[in-house]
Amino acid sequence: MWLKDFYVLHVLITTGIFIIAAMSLNLLLGYTGQLSLGHVAFFGIGAYVSSLVSLGFEINVAGIPIGITPKPVWFAMLWAVVVAGLFGWIIGRISFKVRGAYFVIVTVSFAEVVRLVALNWVELTQGPMALNNIPHLQLGDPATGWVVSFLRKPQSYYLMLVFAIVTYIVIARLVDSRAGRAMIALRENEPLATSVGIDVTRYLVLATAVSAGIAGAAGALYAHYIRIVDPDVFLFIYTVTMVIMVITGGKGTLAGPIVGGALFGLFPEVLRSMSVQPEVQWIVYGILMILVVYFLPEGIVPAVSRWWRSYFASSPPDIGVAAPAGEGMETRRGRS
C-alpha cells in the first residue's frame, strides 16, 4: 500500500541515497579514523559527471573544441564512480603525505573549489541555471521491445535499494579483508600498525578512493532521480548531514549509518506529518541529536549491541529444555 504513496516513496528514496553517501563516509571516518568534511564534493562530482556524460556537452578550451555526444545513463553512472574515485585517490595522495588536520583542511578546501567551479564554469555546468532534463536510467533496447525504465518512483525505490545493498556488501567485504583489518589497525594505533609493516599511506589512499567512488555513485543516483543538478549539491550542510548519520548511528559499524540515516532522515518527516511548525522541527531535531550524542557517545548501534550482549550474558540458563543424552548441567551452563 505504501508503495502507492509517492510522497512516502520520495522521502524513502532521498533518505536511502544519503544513507549510501553516509556509508561511504563511514568507511573513512569509522574504519580509518579520518574525518572528511568535504565529502559532499565526491557526491557532487558524481552527480555532475553522470549528468554531463548522459546529456553530452561541447566546450572550448584554449580555442580547442572538446565535447562528447550523449551516452547511455548506465555508462554515465560508471564514469561518475570512476571520476569521483580518481579525485579521491588524488586527494588521498596529496593529504596523507602528512598527518594531523591536513586531510580535513584539504577536503574542505577541495569541496569549496569544486563548488566555485560548478558555479562559475557556465559553459560546462550552466552555473546557477543548473543542468536540466537529465535523463533517467533505462536498461534494455527499445528495438527489441525489452526495456526497464526507472522513471517512476516505485522503480527508483527498488533501484536505490539495489545500490544500497551492493554498497553494503562492498564495504563489508572490504572491511573483512586484509586491507580492512589494516585500516582498523591504523585507526586504533597508527605507530604500532606502522611498526609491524603496514603501509599506512597506501591503505588510507585506498579507503579514500573507494569511499569517494561510492559517494560518486550516490551522487549519480541522485542526479538521475531528481533530474536537475545545480551548485547547491555541494553545500556544506550535506556533509554535516552525513557526519550526523554516521556519528549517531555508530561509526565503525556496518549498520550504524543505516540506523542513523533512517532516524535523522525520516524523523523530520514524522514531525511534519504531526503539523509541527518548521522552526520547532529543527529545534526538536537538534535536541534529539544532542541527546543521542550525550547519552550514547559511541552511537546507537554499539549501545544496542552492548545491551544485547549484557542482557543475554546475565540471563539464567533455560532449565526447561532437556539436555541431550550424555550432556550434563555444566555443559548447558557453558553454552548459555
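Which residues does Gln281 touch, not counting residues up to four places away in sequence?

1. **Gln281.** The partners of Gln281 are Pro268, Leu271, Arg272 and Val276, leaving out residues up to four places away in sequence; a contact here is heavy atoms within 4.5 Å. Gln281 sits in helix α12, residues 278–295. With a relative accessible area of 8%, Gln281 is buried (buried is under 20% relative accessible area, exposed over 50%, partly exposed in between, with a 1.4 Å probe and protein chains only). Between the C-alpha atoms of Gln281 and Arg152 there are 30 Å, and the two residues are 129 apart along the chain.

2. **What you're looking at.** This is a predicted model, where local features need pLDDT of at least 70 and side-chain atom pairs count only at pLDDT 80 or more, while totals for chains, interfaces and linings use all residues. Residues are numbered from 1 along each chain as its sequence is written, and side-chain values use heavy atoms, with hydrogens and water left out.

3. **Overall picture.** The protein has 14 helices and 4 strands; these are DSSP runs numbered from the N terminus, with helices being H or I of at least four residues and strands E of at least two. Its C-alpha atoms fill a box of roughly 85 × 55 × 50 Å along the principal axes. Of the 336 residues, 41% count as buried. Among contacts with a separation of 6 or more, 72% come from residues 24 or more positions apart.

4. **Surface and charge.** The accessible surface is about 17800 Å², and carbon and sulfur atoms own 67% of that; areas come from the Shrake-Rupley method with a 1.4 Å probe, and for residues only the protein chains shown count as cover. As for charges, the mean positions of the 21 positive and 17 negative ones are 6 Å apart. Lys and Arg count as positive and Asp and Glu as negative, with His and the chain ends not counted; each charge is placed at NZ of Lys, CZ of Arg, CG of Asp or CD of Glu.

5. **The largest pocket.** Its volume is about 680 Å³. A pocket is an open set of points on a 1 Å grid over the protein atoms alone, with protein on both sides within 12 Å along at least five of seven lines, and lining residues have an atom within 4 Å of a point. Grid points are joined across faces, edges and corners, and a volume is the space filled by probe spheres set on the points. The lining has 20 residues, of which Thr241, Phe264, Gly265, Pro268 and Trp282 lie nearest the pocket centre. Two or more lining residues come from each of α1, α10 (236–249), α11 (256–273) and α12, and α11 gives the largest share, 6 residues. Note that Pro268 is on that central list and is also one of the residues that Gln281 touches.

6. **The largest cavity.** There are 2 cavities of 30 Å³ or more, a cavity being a set of grid points where a 1.4 Å probe fits but cannot get out. The largest holds about 80 Å³ of space. Its lining includes Ile13, Ile17, Met77, Phe150, Met160, His224 and Tyr225. At least two lining residues come from each of α1 (6–29), α6 (153–175) and α9 (200–226); the largest share, 4 residues, is from α9.

7. **Two alanines with positive phi.** Ala62 has phi near 55°, a positive value in a residue other than glycine, and lies in the loop between β1 (57–61) and β2 (64–68). Ala62 is exposed, at 79% relative accessible area. Ala130 has a positive phi too, near 75°, and belongs to the loop between α5 (122–125) and β3 (138–141). Ala130 is buried, at 6%.

8. Arg93 lies in helix α3, residues 73–95, and is partly exposed with a relative accessible area of 36%. Val205 is 112 residues away from Arg93 along the chain, yet their C-alpha atoms are separated by 6.2 Å. Thr194 has its place in helix α8, residues 190–195, and counts as partly exposed at 43% relative accessibility.
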